[in-house]
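Open the model in your viewer and keep the selection panel at hand.

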Amino acid sequence: MTDPHGTCWTRADRPVRVEVSGTGELIALGSAAPRSQERFDATERHTYDGQALAVVRPTAVGGIRVRVTAPGCEAAETVITVRP
């Protein structure tokens, strides 16, 4: 979670949803929250100190689209190109 200047919002813990499409899959989603009981194999997780980590695995050559959404925030999207 960052502001428009790239500064991390360490007190902005909120649920984030990760969608992966294309030639990849979401393997795990975590936040390092020491007392969280949320599953690592879910597509939604609460951030911890404003951060979360998505682990993505390629399934073929091509493009992996990763889209992250959170309440009250603009969606973020990136494309990872997997080359042979």
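Helices (H or I, at least four residues) and strands (E, at least two) are DSSP runs, numbered from the N terminus. Colour by these elements: the order from the N terminus is β-β-β-β-β-β. The protein has six strands and zero helices.

This is a predicted model, in which local features need pLDDT of at least 70, side-chain atom pairs count only at pLDDT 80 or more, and totals for chains, interfaces and linings use all residues. Residues are numbered from 1 along each chain as its sequence is written, and side-chain values use heavy atoms, with hydrogens and water left out.

**Whole chain**

Show the C-alpha atoms. Along the principal axes they fill a box of roughly 40 × 30 × 20 Å. Of the 84 residues, 20% count as buried. Buried means under 20% relative accessible area, exposed over 50%, and partly exposed in between (1.4 Å probe, protein chains only).

Two strands pair if DSSP finds at least two bridges between them.

Now take strand 1 (residues 15–22) and strand 5 (residues 62–69). Six bridges join them in the antiparallel sense. Pick S21: its bridge partner in strand 5 is R65.

**R45**

Go to strand 3 and select R45. Is R45 buried or exposed? R45 is buried, with a relative accessible area of 2%. Next, show the backbone oxygen of E38. It lies 2.8 Å from a polar atom of the R45 side chain.

**The largest pocket**

Select M1, T2, V68, E74 and A76. Among the 24 lining residues of the largest pocket, these lie nearest its centre. A pocket is an open set of points on a 1 Å grid over the protein atoms alone, where a 1.4 Å probe fits, with protein on both sides within 12 Å along at least five of seven lines; lining residues have an atom within 4 Å of a point.

The volume is about 520 Å³, taken as the space filled by probe spheres set on the points. Strands 1, 4 (53–58), 5 and 6 each supply at least two lining residues.

Technical notes: A polar contact is a pair of N or O atoms within 3.5 Å; within protein, one must be able to donate a hydrogen and the other to accept it, and residues adjacent in sequence count only if both atoms are side-chain atoms.
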